[in-house]
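Please open the structure in your viewer and keep the selection panel at hand.

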Amino acid sequence: MLKYRTLIDEIFCQLVKQLTDNKSLKLDSEQNGWELLAIILNYFIPSEYLQEYFIKYLQDNQNEKLGKLLFQKINLIFLFSTIMYKSL
């Protein structure tokens with residue numbers, strides 16, 4: 001997994017970039033981006049380096065349809081991973 005850590009973070013960065021001030025003429029473009037971000041969060045989490053920035057982005061975008069849900073989800077993921085890490 002560490003081998004692909006940079007690539008995973010790049011995926012998160014590109015999605016955030018696409019969601020930030022999305023001016024696409026396609027009506028569902030932004031919604032599709034949020035949905036893709038939700039799917040990716042089912043399989044990967046941002047690295048420790050990116051976590052703070054990613055959480056801040058989600059926190060600032062809770063007014064988006066999936067933003068609030070993803071903010072809650074990522075906080076639970078990080079809480080769970082911290083508990084699991086401490087129990088090892």
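In this predicted model, begin by selecting Asp 60 and Lys 56, which both belong to helix α3 (residues 48-60) and lie four residues apart, about one turn of the helix. In an α-helix, with 3.6 residues a turn, residues three or four places apart point the same way. Display the side chains: Asp 60 forms a salt bridge with Lys 56, and the closest N and O atoms are 2.9 Å apart. A search of the whole structure finds one salt bridge. Asp 60 is partly exposed, because its relative accessible area is 47%; Lys 56, at 44%, is partly exposed as well.

Next, select Phe 12, Trp 34, Leu 37, Phe 54, Leu 58 and Leu 70. Of the 18 residues in the largest nonpolar core, these touch the most other members. Helices α1 (5-19), α2 (29-41), α3 and α4 (67-87) each supply at least two residues of this core.

Now centre the view on Leu 70. Leaving aside residues up to four places away in sequence, Leu 70 touches Trp 34, Leu 37, Ala 38, Leu 41 and Leu 58.

Which residues of α2 are buried? Select Gly 33, Trp 34, Leu 37, Ala 38, Ile 40 and Leu 41 to see them. These residues cover an arc of only 165° around the axis, so they lie on the same side of α2.

Key: Residues are numbered from 1 along each chain as its sequence is written. This is a predicted model: local features need pLDDT of at least 70, side-chain atom pairs count only at pLDDT 80 or more; totals for chains, interfaces and linings use all residues. Side-chain values use heavy atoms; hydrogens and water are left out. A salt bridge is a side-chain nitrogen of Lys or Arg within 4 Å of a carboxyl oxygen of Asp or Glu. Buried means under 20% relative accessible area, exposed over 50%, partly exposed in between (1.4 Å probe, protein chains only). A nonpolar core is a set of buried Ala, Val, Leu, Ile, Met, Phe, Trp, Tyr and Cys residues joined through side-chain atoms within 4.5 Å. Contact means heavy atoms within 4.5 Å. The arc is that of the directions from the helix axis to the C-beta atoms.
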